[in-house]
Amino acid sequence: MSTNDAVRRIIPAGSYVLFLLFLAGIWVAISPFVMTTQPAGQSWLASTVNNVVIGVILIVVALLGIVGYMLFALRDLLREAQARQEVAEQVSQAPADR
């Protein structure tokens with residue numbers, strides 16, 4: 001297995017959707033301040049609190065999804081490598097037994 005195949009298995013096309021969700025969460029969280037709907041120096045409006053909370057939830061869910069998928073993909077790659085190594089060891093030991 002080449003390095004490109006391993007990277008493709010760890011970071012599939014579906015991870016890009018989670019990355020876009022992460023970016024959307026950042027935008028939702030900072031939009032009241034960027035679009036100046038939140039007056040500077042005043043306590044937060046209810047809509048600002050809502051945007052920040054929803055944005056943080058989107059960011060956390062996206063990060064958990066990305067990290068979780070990458071951990072499971074890495075686990076599968078390691079198991080596959082161990083299985084190939086065991087097969088190679090059995091093949092190399094088979095002619096010595098005869």
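Student: What does Gln38 touch, not counting residues up to four places away in sequence?

Tutor: Gln38 touches Pro32, Phe33, Ser43, Trp44, Leu45 and Thr48, where contact means heavy atoms within 4.5 Å. This is a predicted model, with local features needing pLDDT of at least 70, side-chain atom pairs counting only at pLDDT 80 or more, and totals for chains, interfaces and linings using all residues. Residues are numbered from 1 along each chain as its sequence is written, and side-chain values use heavy atoms, leaving out hydrogens and water.

Student: Why is Gln38 called buried?

Tutor: Buried means under 20% relative accessible area, exposed over 50%, and partly exposed in between (1.4 Å probe, protein chains only). Gln38 has 7% relative accessibility, so Gln38 counts as buried.

Student: What makes Phe19 and Phe22 a stacked pair?

Tutor: Rings of Phe, Tyr and Trp (its six-membered ring) pair if their centres lie within 6.5 Å; planes under 30 degrees apart are stacked, over 60 edge-to-face, and the rest tilted. By this rule there are 2 aromatic pairs. For Phe19 and Phe22 the ring centres are 6.4 Å apart and the planes lie at 25°, so the pair is stacked.

Student: And how do you know that Phe33 and Trp44 are tilted?

Tutor: Their rings are 5.5 Å apart centre to centre, with 55° between the planes, and the pair is tilted. Phe33 lies in helix 2 and Trp44 in the loop between helix 2 and helix 3, so the pair ties together parts 11 residues apart in sequence.

Student: Why does Trp44 count as partly exposed?

Tutor: Trp44 has 47% relative accessibility, so Trp44 counts as partly exposed.

Terms used. Helix = DSSP H or I, 4+ residues; strand = E, 2+ residues; numbered from the N terminus.
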